[in-house]
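Student: I have a new model open and want to learn how to read it. Could you take me through some of its features?

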Amino acid sequence: MSTGPGTTPGTAPGTGPGTTPDLRRGARRLTTAQALIAFLARQYTERDGRRQRLIGATWGIFGHGNVAGIGQALLESGPDMPYYQGRNEQAMVHAAVGHARQSGRLSTHAVTTSIGPGATNLVTGAALATINRLPVLLLPGDTFAGRPADPVLQQLEVPYAGDVSVNDCLRPVSRYFDRITRPEALVPAVLAAMRVLTDPADTGAVTLALPQDVQAEAYDWPEEFFAERVWHVRRPQPDPDELAAAVRAVRSARRPLVVAGGGVHHSAAEAALKSFADATGVPVASTQAGKGALRHDHPADVGGIGHTGTAAADELARAADLVIGVGTRYTDFTTASGTLFTRPDVRFLNLNITAFDAHKLAALPLVADARSGLEALTAALRGHHVDHGYEVEYTRGKESWERRVEAAFRASDEDGRPTQPQVVGALDAVVGDDDIVINAAGSLPGDLHKLWRARSHDQYHVEYGYSCMGYEIPAAIGVAMAAPGRPVWALVGDGTYLMNPTEIVTAVQENIPIKVVVLQNHGYASIGGLSESVGGERFGTAYRYREAGGTYTGPPLPVDLAANAASLGMHVIRARTVRDLREALAEARTADGPTCVYTETETADTVSGAPPAQAWWDVPVAETATRPSAVKARGEYDRQVAARRRHL
């Protein structure tokens, strides 16, 4: 049979557990759910000659809407489709996304839920996946297609539309959405779903809403539907004219700067970027998603860029005459809300697999796979190298910043509580090249972007496209599944921990040896610092008792997160001092089961003690206010916003 563009047919599989004999030549009678799971078990990706399962497993929490359909199909599928039990629907998506990122977007997991709240709990995870351009397959149950009873339990009634359900909330956060109202509609829908999941320029969350009666309905499926399919993940080459324009731009630049984004990792272009930097001497700064594109000790690596970046990178950005974006979306943190690239004649050259991103900031576009584009650009620039004086300048800037990192990591009192940078420094001293560090929200992403020394291309895993509190622990589980045997660390503050600790139970159940580092600072410290800077006076950001008059100014709440983690089955090590912390991290690294290191940081009101922001970030301040703090903050805001520019 023909399997369409980008696919390779294989041989039809034999009958597996629970299948029924063919009713006629070339057909197999299965329910829609059984057919879907059998189909998914035979989908593969291939890139650069490497083949792997596209859908490696299915996560599920069962209720009405999927227990008798997908649940029964997973039971019959046995080892053909591994199943993992989750505790929170959003967390299951995070685990699948963590697995997808660690797998280079070549493999992911499916997630199935009941109808109602089970389905709507997917929305945040779907948004995270789509914003970060990471594939995940969502299979929420849906209300009856046949409407034998109307409404049913958990059904949303929409007076003006009978075909709307809560699953329609997933439309804007999905790259592909379909509702399977007849069994035969599954065939084109799943083929379209696989196309999107494996398209490097168009991937993200894919949702197939499955009415519960259709899941259980039997149909005579063509045998060809269950043939193995290999979806080739393409590497588009650059257009010759765009490449020629890019070469001219680089050759004419005196102060070029590469901004490496997540696309470098997604396309496995780290070696190609290193070759480009080695050949040309162009310095490389990185976004949160791109950090680790070069090792921290590569001479051209100048660290993170933007609001949470290093002084070395941001000073180069302010004076750059050509900014070469590689696989970056240019978020406001990267551009310092349009205030970072200040040179009047600055130009942009964007190498990106999507034309949408390649044209941002009125750039010269180079639409191509990051690896293919870098290889072509390096070859075409043979013999070109930046001036020696420019190399000396950024080398000194890199060395100066490294001294600031060492100062932030240094503890004057080994028997005192650690600061947050000292926690990062203690972990930095323990890990090796194989360790993977995961974070997403709070003040830690800023400290990590400035201070972390990435030793391998996939060590630094900070989700900052959506910066979703609660991502870290389930994502660590997904990463550990994709990288068995490697130490995986989830770094969480107390606010993030309280959002979503429940997948600790899953780690314990599956004996997945993730290491969770919990930092207790008694509140939303990151937003507390931001609130203070914009005149909000840390209102509503501390975890304290309510005092008379309605203010939260009492002592910290007696919340024991270490005891909570232990109650969920995790081995917990309490670290009260810097010395304790180093010993605890070393013990956790060698643990063969899920382990938590708990520490209380130095103060409740200090965000981190790391070097301050080296670039601005636009958070609008009240234009009129009576409190002096807000009036003062507005004056500073007006001064900063005046420096913003449109790059045209």
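Tutor: Begin with terms. Strands (E, at least two residues) and helices (H or I, at least four) are DSSP runs, numbered from the N terminus. Two strands pair if DSSP finds at least two bridges between them. This is a predicted model: local features need pLDDT of at least 70, side-chain atom pairs count only at pLDDT 80 or more, and totals for chains, interfaces and linings use all residues. Residues are numbered from 1 along each chain as its sequence is written, and side-chain values use heavy atoms, with hydrogens and water left out.

Student: In what order do the six strands of the open sheet run?

Tutor: Strands of a sheet pair through backbone hydrogen bonds, either parallel or antiparallel. Here the order is β6-β5-β7-β8-β10-β9, and the pairing is parallel. β6 (83–85) and β9 (176–179) are the edge strands, each pairing on one side only. On average, neighbouring strands of this sheet are turned by 20 degrees against each other, direction ignored. Such angles run from 0 to 180 degrees between N-to-C directions, with axes as lines fitted to C-alpha atoms.

Student: How many bridges join β9 to β10?

Tutor: Four, and β10 covers residues 205–211. Tyr 176 has Val 206 in β10 as its bridge partner.

Student: What is the phi of Ser 337, and what is that of His 522?

Tutor: Ser 337 has a positive phi of about 55 degrees. For His 522 phi is also positive, about 65 degrees. Neither is a glycine. Ser 337 is in the loop between α12 (332–335) and β17 (347–352). His 522 is in the loop between β22 (515–520) and α21 (525–533).

Student: Is Ser 337 buried or exposed?

Tutor: Buried means under 20% relative accessible area, exposed over 50%, partly exposed in between (1.4 Å probe, protein chains only). Ser 337 is buried, at 9%. His 522 is buried too, at 13%.

Student: Which residues line the second largest cavity?

Tutor: A cavity is a set of points, on a 1 Å grid over the protein atoms alone, where a 1.4 Å probe fits but cannot get out; lining residues have an atom within 4 Å of a point. Among the lining residues are Arg 47, Leu 197, Asp 199 and His 266.

Key
1 Å grid on protein atoms, 1.4 Å probe; cavity = no way out; pocket = protein on both sides within 12 Å on 5 of 7 lines; lining within 4 Å.
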